[in-house]
Amino acid sequence: MTAGLRIGVITFPGTLDDVDAARAVRRAGGEPVALWHDDADLHGVDAVVVPGGFSYGDYLRAGAIAARSPVMGPVVEAGRAGMPVLGICNGFQILCEAGLLPGALVRNQGLRFVCREVGLRVEADTAWTSSFTVGQELRVPLKSGEGRYVADAATLDELEGEGRVVFRYSEPAPNGALRDIAGVSSADGRVVGLMPHPEHAIDDLTGPSTDGLGLFTSVLAQLATA
Amino acid sequence: MTVSPVPAPVDPAPPTAPPLPPLDDVDHAAATPDQSQPHAALGLREEEYARIREILGRRPTEAELAMYSVMWSEHCSYKSSKVHLRRFGETTTEAMRARLLAGIGENAGVVDVGDGWAVTFKIESHNHPSYVEPHQGAATGVGGIVRDIMAMGARPVAVMDGLRVGPLDAPDTGRVLPGVVSGVGFYGNCLGLPNIGGEVVFDPSYAGNPLVNALCVGVLRHEDLHLAFASGTGNKIVLFGARTGLDGIGGVSVLASETFDRADPTQAPSRKKLPSVQVGDPFAEKVLIECCLELFGAGLVVGIQDLGGAGLSCATSELASAGDGGMQIDLDAVPLRAENMTAAEILSSESQERMCAVVTPENVDAFMAVCRRWDVTATVIGEVTDGDRLRITHQGATVVDVPPPTVAHDGPVYQRPYARPDDQDALQADTVARHPRPSGPAAIAEQVRTLVGSPALASRTWVTEQYDRFVRGNVTSAAPADAGVVRVDESSGRGVAVSIDANARFCRLDPRAGAQLALAEAVRNVASSGAVPVAVTDCLNFGSPEDPGVMWQFAEAIAGLADGCVAMGLPVTGGNVSFYNQTGNTAILPTPVVGVLGILEDVTRAVRSGLGPEGHAVWLLGETRDELDGSTWAGVVHDHLGGLPPRVDLAAEARLAAVMADAAADGLLSGAHDLSDGGLAQALVEAAVATGRGARIALASGPDGLDPATVLFSESAARMLVTVAPGDEAELARRCAEAGQPAARLGEVGGDALRIEGVDPLPVDELRALGDATLPAALD
């Protein structure tokens with residue numbers, strides 16, 4: 001059962017989607033645990049969500065300062081040891097800056113912030129996508145100014161070869177992301193980052209679909225059977 | 001170095017500072033009565049300066065002069081508008097006030113929305129800064145209104161923006177509009193505030209004077225209401241948030257209170273030549289929001305005031321005026337981001353992201369601890385004193401010693417002359433009737449397409465796609481829906497609907513009727529969701545109050561809006577006046593923007609904007625008359641503005657809103673869309689495009705035997721398109737008959753085109769593509 005599972009949701013100064021991420025964890029049947037950027041430990045959580053926003057105002061580079069805040073030490077350590085970690089939007093940028101995920105997110109091709117509902121194709125079976133089938137299409141919001149995924153060709157080839165491209169935009173990437181990549185994972189499939197916002201797609205009333213809930217039910221199911 | 005706030009042309013700075021002249025404290029001012037002062041350069045008239053001398057019994061110090069000049073500016077003192085704005089207070093009845101927890105005069109009005117919840121909302125202009133520097137001007141406009149909402153003790157939950165710029169193809173529009181949109185988006189997105197709607201309007205009158213009006217909605221529990229007052233002798237005054245710098249000095253007195261051709265915005269009276277436009281840091285504001293909410297939650301705040309226009313001058317004098325004592329402030333304690341700032345500069349700086357709180361001495365440590373947790377700079381800069389003076393010291397000397405109300409409230413009041421413009425009769429006589437109306441299926445379809453792709457009606461997605469509408473997960477409806485809908489209470493589903501509207505073309509033809517039509521449209525938009533309209537905020541954008549014709553427009557618009565609010569039982573809870581919106585001697589179209597707040601007991605029952613499912617019936621509620629003067633059709637097709645605006649019938653608007661609320665509460669309606677710009681044709685197009693479905697429509701010519709083009713393009717008010725399941729049609733008809741609501745069945749939802757009787761078929765995909773292409777083609 002997933003009831004007793006605790007998922008940490010980090011709040012940095014400037015984090016915006018922490019309430020949404022916590023709501024998604026709760027709707028999926030887990031217990032959200034608020035983690036503060038200044039915390040030096042993870043309070044015994046079973047998984048961590050690094051939510052979206054503009055941590056530290058995106059100063060220097062999006063995610064760069066947050067990646068070096070106290071709470072990220074134990075997150076990186078736990079992530080390398082196999083704890084499921086999900087980075088959404090700014091959280092994805094933070095995980096890249098922290099070295100948990102390869103590549104980087106740079107300014108959108110059109111140089112403007114884009115808020116749009118996008119189609120997202122699930123491309124890999126990971127800790128955060130196990131309740132989907134590969135090839136399944138999700139409808140979730142994308143909202144970012146620096147969402148263009150880039151990496152050198154060798155890295156991209158390696159990611160594709162190892163099945164670590166987790167999500168691809170099913171239409172041409174609105175931000176110009178290389179190979180239409182919307183999300184990638186660590187080699188063990190436990191750490192996932194994506195630019196679109198599954199936590200905003202958990203209720204037809206407020207989002208384009210309920211597709212996003214699947215990421216949270218996936219990880220809870222994984223943890224429950226572990 | 002000089003202590004004057006007026007530029008002394010001494011740049012570049014000498015390597016060693018020149019000897020300081022004597023600090024202009026109150027003793028020095030008293031001893032040097034004849035010293036000339038730069039009151040005119042600061043925007044004060046001779047008689048205003050004389051009055052300050054009379055109040056103080058001496059000449060003001062330079063710091064006092066700076067305070068009075070910003071606080072007595074048009075922007076802060078409402079000196080030209082006050083006599084007219086009083087009408088709102090005088091006409092508001094006890095019954096209208098029943099839901100108000102705070103009204104005009106507070107930072108923002110607060111409305112009881114039930115179950116112990118309250119909502120505060122307010123709209124404000126940031127027009128002139130947004131012309132000088134579109135991105136920062138618009139960004140700080142959002143920042144300012146958000147702080148007003150925070151100052152009431154509320155959590156800001158949504159923003160809206162009303163934007164008016166020159167023609168889409170005018171050269172400067174390509175600079176102003178993208179800059180403004182990126183500024184609104186940058187600030188709101190970074191704050192985590194969903195943008196739920198607004199307006200984008202193109203008109204030549206805004207080419208040299210764009211309008212940027214920003215609205216913020218905040219939510220609080222009744223018991224969390226905070227007001228701006230400083231009381232309790234010995235209580236501490238804490239300044240917290242960003243440091244105080246040289247930016248935005250003179251913003252309100254120079255930028256917001258003068259016409260551009262008289263005050264060169266690049267030559268603002270700051271000796272350090274920093275821009276009069278402030279620079280925003282939304283990250284600092286986001287942290288400040290969370291910090292404030294934690295302070296409120298812990299009960300650590302007695303009174304609070306945001307620092308916006310006029311900075312510390314405004315915050316200290318208003319807090320002290322609203323309290324029961326005096327106040328002592330030490331400017332040496334103010335954290336600065338520039339060296340050698342004079343008292344006058346510190347007092348008039350409009351550095352953003354600052355708040356001022358009144359805190360009991362025993363709570364100061366706890367207050368500081370919360371600020372430290374959020375890395376927010378906080379400093380005790382003074383305290384509440386007994387007595388009735390606001391005393392401010394700088395470098396050990398008393399530089400301000402004034403009765404606070406004389407700064408904050410007792411500014412000049414002008415009875416500006418006003419007169420109906422000479423050209424008004426000719427304008428109203430020049431109706432659009434002399435222009436041809438299309439006839440025949442092809443000609444009408446062609447004009448529908450022309451309108452759909454016109455800048456006036458084209459899709460605003462290029463704008464709204466730059467705004468986050470998902471954050472916090474409580475927005476159930478946002479642009480292009482008629483109203484933005486935000487859930488207030490997740491457990492009960494209780495929420496609010498908000499819309500902002502104005503039709504400046506109608507206002508030009510008849511400002512009194514135009515203001516009421518704006519109110520009617522905003523009410524209708526809110527009602528289209530099924531919400532019950534309960535309160536009004538307004539942003540009154542006009543030309544120079546020194547022009548009697550403009551003053552007449554202003555007086556008429558206020559009279560119209562006040563009477564309209566009485567007729568609909570809606571209180572005006574607060575708002576903002578922006579004058580001097582003109583280029584040379586040419587004023588903008590009179591633009592009173594009206595925001596309406598409505599309550600939804602359960603947002604899950606809100607009516608969706610657009611058409612219902614295949615096979616549902618399409619009904620038109622309300623009456624269509626031959627009313628094309630001032631319409632979008634007249635403007636787009638014939639480049640014509642003249643005649644009289646559509647008839648105002650507020651009883652009909654109220655009846656329509658009541659029918660909508662009842663039908664929505666009982667789940668009778670599967671879709672709705674209000675009729676406004678572009679009339680029935682555009683309403684059908686927008687509903688079809690929003691839903692991705694067509695409809696088969698028969699046009700009733702009505703009792704007046706109107707031709708199809710008139711039925712399609714008329715902008716008669718008090719009308720709404722609704723869709724209803726076939727089985728519910730009889731019930732809808734029964735309710736309308738019972739309420740005396742005119743209603744007619746037009747057809748049913750279905751197919752992939754709009755098939756309007758007497759008009760060539762209009763495929764929905766083609767309509768969408770037409771509307772979507774216009775803004776990107778001009779702006780990308």
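Tutor: Let us begin with helix H20 (residues 511–528) of chain B, which lies across strand E16 (495–501), E17 and E21 of chain B. Its direction makes about 30 degrees with that of E21(B). Please keep in mind that this is a predicted model.

Student: Which strands does helix H21 (residues 548–568) of chain B touch?

Tutor: Helix H21 of chain B packs on the sheet and touches E17, E18 and E21 of chain B. Its direction makes about 175 degrees with that of E17(B).

Student: What is the order of the strands in this open sheet of chain B?

Tutor: The general idea comes first. Strands of a sheet pair through backbone hydrogen bonds, either parallel or antiparallel. Here, six strands follow the order E14-E15-E16-E21-E17-E18 (chain B), and the pairing is mixed. At the edges stand strand E14 (475–477) and strand E18 (572–578) of chain B, each of which pairs on one side only. From one strand to the next, the twist averages 20 degrees.

Student: How many bridges join strand E17 and strand E21 of chain B?

Tutor: Strand E17 (residues 532–541) and strand E21 (residues 591–600) of chain B pair over nine bridges, in the antiparallel sense. As an example of residues facing one another, B:Val532 stands opposite B:Ile599 in E21(B).

Student: How does one read the sides of a helix?

Tutor: An α-helix has 3.6 residues a turn, so residues three or four places apart point the same way. Consider helix H5 (residues 82–91) of chain B, where B:His84, B:Leu85 and B:Phe88 are buried. These residues cover an arc of only 100 degrees around the axis, and therefore lie on the same side of H5(B). The cover over the buried residues of H5(B) includes H21 and E18 of chain B.

Student: What is the strand order in the open sheet of chain B that contains E1?

Tutor: That sheet has six strands in the order E1-E2-E3-E6-E4-E5 (chain B), with mixed pairing. Its edge strands are strand E1 (100–102) and strand E5 (195–202) of chain B. Two bridges join E1(B) to strand E2 (residues 109–114) of chain B, and these strands run antiparallel. Within E2(B), B:Val110 stands opposite B:Ala102. Helix H9 (residues 173–191) of chain B lies across strand E4 (155–165), E5 and strand E6 (211–221) of chain B, at about 180 degrees to E4(B).

Student: How many helices and strands does chain A have?

Tutor: Chain A has five helices and 11 strands. The radius of gyration of chain A is 15 Å, close to the 17 Å that the globule rule gives for 226 residues, so chain A is as compact as a globular protein of that length. Of its 226 residues, 59% count as buried.

Student: Which residues does UniProt list under "active site"?

Tutor: The unreviewed UniProt entry lists A:Cys89, A:His197 and A:Glu199. They span 111 residues in sequence, yet no two of their C-alpha atoms are more than 10.8 Å apart, so they gather at one spot.

Student: Are A:His197 and A:Glu199 buried or exposed?

Tutor: A:His197 is buried, because 29 other C-beta atoms lie within 10 Å, and a count of 20 or more is the cut-off for a buried residue. A:Glu199 counts as buried too, with 32 C-beta neighbours inside 10 Å. A:His197 is placed in the loop between strand E11 (191–194) and helix H5 (213–225) of chain A. Among the contacts of A:His197 are A:Cys89 and B:Phe470, while A:Glu199 touches residues including A:Asp17 and A:Gly212.

Terms used:
Residues numbered from 1 in each chain as written. Chains lettered and ligands numbered in written order. Predicted model: local features only at pLDDT ≥ 70, side-chain atom pairs only at ≥ 80, totals over all residues. UniProt positions renumbered as here; feature names shortened; annotations may be inferred. Helix = DSSP H or I, 4+ residues; strand = E, 2+ residues; numbered from the N terminus. Buried ≥ 20, exposed ≤ 12 C-beta atoms within 10 Å, placed from the backbone. Contact = placed C-beta atoms within 7 Å. Pairing = 2+ DSSP bridges. Axes fitted to C-alpha atoms, helices over the stretch in contact; angles between N-to-C directions. Arc of directions from axis to C-beta. Rg over C-alpha atoms; globule rule 2.2 N^0.38 Å.
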